[in-house]
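Please read the points below alongside the sequence and the coordinates. They are set out as a colleague's notes, one topic to a point.

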Amino acid sequence: MRTALGSPPPPAELEKVLPVGADQVDGAKEPLASWLRVWDWSPLLPARMLDGWVPVLDRLRCLKPAGPADPRAVPAPVPVTAATALAVEDLAELAEARGPAAALAAGDGGYAMVLHRLVAADPAAWTGDVPAVLAALETPELGAFYLAAAAGHAERPGAFPGGALADAVTAAFGLARTLARPAAAGQPAAAGPGDGLLFADQALFDLLTTAWRTDTALDAGQEQEVLAHLNALAADLARPAPGTAQTGDELAPPGDAAGPPPAATADHGAPAGSRGEPALLGSDPRVRALGSLLEYAVHQARARGQMPAEVLQTLAGALPAAAAQDAVATAIGVRLPALHHYAPDFTAAHRTALYRICSQGPSPAASWLRWGPPSPPLLAALDRADLIGALRGAHGLAREAAGHTAAALLTDPALLGEPAAWWTQVAGTGGDKDAAAAVSCLLEAIALSTPRTGAARPLTPAEQAQVQAALHLWRAALAAGLPAGALAGAGAFADAAVDEPVWLELTRSSAEHSPALSHAELVAERAAAHPGSQDALLLAELLVTHAPGTWTDTAVRGHARTLLDATAALHAAERPAAWQGLRRALVNAGDVAAARHQ
């Protein structure tokens with residue numbers, strides 16, 4: 001439960017997000033969205049679970065004096081049921097005994113809702129002969145529902161054996177064209193034509209994605225028809241304004257860290273959405289078609305070394321929409337590492353549209369940071385000011401940018417320059433609290449990405465290299481002269497697979513610089529196992545003396561007291577002098593019994 005609630009925010013973060021006297025906040029943004037979850041659950045939680053959250057709850061109560069609604073008083077939802085000829089379990093048993101077609105013949109129009117569960121029960125049986133299942137379903141709408149369910153399990157072991165995946169693509173494409181035409185008079189349908197077409201489209205896009213990611217061969221003629229269909233859908237995203245030329249990339253004006261506004265970017269034209277059009281959903285066929293085309297381009301690049309020019313041309317036409325539509329930016333952004341790798345000339349020509357994190361709207365680069373896979377080369381190609389801005393919290397990307405940066409630096413600590421200089425860049429020179437928090441967040445992300453202790457096997461050479469990279473970055477941060485508080489994230493190394501003497505030395509040095517270490521209770525627990533260590537005693541003294549006043553304080557004092565007791569039991573010659581400072585800190589913190597050690 002504590003994991004679900006998360007850690008209470010420190011006072012500085014609380015004051016920044018929920019300042020005293022605030023009368024309007026955006027509850028959809030993190031970290032406030034997570035705090036509101038604690039607020040909603042608070043009527044059900046025991047007081048001990050809310051230790052440390054009281055300041056947050058008090059601030060929220062100022063905004064909503066009535067307090068959170070008690071979930072126990074909310075009427076329970078009444079499930080909506082529909083009769084089927086047979087229960088799902090019965091149909092599944094029948095399918096196992098006599099095949100999917102027999103199960104379908106035993107049902108009636110109401111069994112459409114259980115198709116997904118039937119396919120999930122045995123993907124191999126339901127996807128081995130797609131034409132036979134479609135014939136048993138009879139109506140194209142039910143066929144669309146079935147293919148959408150089957151596509152959702154396409155990556156399960158045994159699904160679509162042999163050439164069944166290519167057959168499914170053929171069927172989905174045919175159903176999409178059939179359902180796009182007006183229904184003939186008297187034609188039976190299990191649902192509205194819009195529903196059937198939506199499911200057929202989604203099935204087609206999902207199946208194509210699976211086929212191209214697995215390099216499944218499709219009939220050459222049919223593949224060209226599918227590509228023409230996808231291009232026609234994706235082309236609708238391109239809406240250049242009259243007289244606008246797509247002439248490559250425009251450089252950002254001096255002093256503009258986020259680049260030119262979307263509407264003024266030369267390779268953007270007039271962005272879709274700038275005329276008040278509604279936001280597109282990720283399930284919009286045009287957006288899904290663009291994503292499928294990019295999957296095809298990656299599939300072709302793996303085989304031939306480069307992406308097809310026609311797909312890149314379609315992508316160039318869609319870049320204006322990416323500057324105004326988050327769904328389009330995301331469809332491009334999650335595939336930006338592949339574009340960076342396989343289409344360097346294209347990405348260089350459209351650098352601003354692809355790599356800059358614009359301050360006035362969505363962008364593929366921001367979407368990649370939020371949703372995309374790690375890619376050190378792509379991270380290094382981002383505008384440095386944009387990346388540092390994201391690390392400092394611009395666009396709400398601090399955690400995501402830190403995660404990507406940590407993964408890249410553990411691969412190559414010098415990827416973004418000499419590590420100490422990089423830390424100085426992130427921290428800046430103005431003593432900005434956001435900059436210090438950015439350093440702490442990145443250091444914590446590096447620590448959390450470092451191989452952990454407690455593994456039942458020795459570290460692999462690659463994991464050992466990651467540990468050494470993390471130590472190099474940690475030492476560089478200590479040597480960089482960073483502002484106070486910037487090294488608080490080093491507490492996350494408490495579970496890292498670092499040798500004990502090294503961990504104690506670096507953690508003690510970090511605590512001397514930034515006493516309010518994150519994960520303080522875990523740091524104190526690890527230090528408590530070293531009663532003969534001067535570093536462990538000094539570290540515990542710092543943690544007790546500078547306790548932040550949160551729920552972790554009790555745990556920290558408990559581990560520190562364990563360390564003190566074990567140290568006091570040592571022979572006088574083995575007892576480091578620092579034990580007296582820890583004893584004094586515990587007494588000052590209220591642990592009067594610690595004074596018995598003389």
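Leaving aside its neighbours within four places in sequence, which residues is L147 in contact with?

1. The model is a predicted one, and the points that follow should be read with that in mind. Once neighbours within four places in sequence are set aside, the contacts of L147 are V130, L134, A168, A171, A172, L175 and A203.

2. L147 also belongs to the largest nonpolar core, which has 158 residues, and is listed with Y146, F160, I332, W423, I446 and F493 as those having the most contacts inside this core. Helix α11 (residues 164-180) supplies the largest share of the core, namely 11 residues. As general background, nonpolar side chains tend to be buried together in soluble globular proteins.

3. Helix α27, covering residues 500-513, has 14 residues, and the distance from its first C-alpha to its last is 20 Å, close to the 20 Å expected at 1.5 Å a residue. Its buried residues are V502, W503, L504, L506, T507, R508, S510 and A511, and the elements that cover them include α26 (461-479), α28 (520-527) and α29 (534-545).

4. The count of salt bridges comes to 18. One of them joins the side chains of D206 and R288, with an N to O distance of 2.6 Å; this pair links distant parts of the chain, since D206 sits in helix α12 (residues 193-213) and R288 in helix α14 (residues 285-304), 82 residues apart. D206 is partly exposed, at a relative accessible area of 27%, whereas R288 is buried, at 18%.

5. A salt bridge is also formed by the side chains of D383 and R356, at 3.9 Å from N to O. D383 is in the loop between α21 (376-381) and α22 (384-391), while R356 is in the loop between α19 (351-355) and α20 (364-371), so the pair ties together parts that lie 27 residues apart in sequence. The relative accessible area is 23% for D383, which is partly exposed, and 9% for R356, which is buried.

6. The side chains of D565 and R596 meet in a salt bridge of 3.9 Å, N to O. Because D565 lies in helix α30 (residues 552-568) and R596 in the segment after α31 (579-588), the pair ties together parts 31 residues apart in sequence. D565 is partly exposed, with a relative accessible area of 26%, and R596 is exposed, with 55%. Both residues belong to a network of salt bridges that links R561, D565, D591 and R596.

Key. Residues are numbered from 1 along each chain as its sequence is written. This is a predicted model: local features need pLDDT of at least 70, side-chain atom pairs count only at pLDDT 80 or more; totals for chains, interfaces and linings use all residues. Side-chain values use heavy atoms; hydrogens and water are left out. Helices (H or I, at least four residues) and strands (E, at least two) are DSSP runs, numbered from the N terminus. The expected span of a helix is 1.5 Å times one less than its number of residues. Buried means under 20% relative accessible area, exposed over 50%, partly exposed in between (1.4 Å probe, protein chains only). Contact means heavy atoms within 4.5 Å. A nonpolar core is a set of buried Ala, Val, Leu, Ile, Met, Phe, Trp, Tyr and Cys residues joined through side-chain atoms within 4.5 Å. A salt bridge is a side-chain nitrogen of Lys or Arg within 4 Å of a carboxyl oxygen of Asp or Glu.
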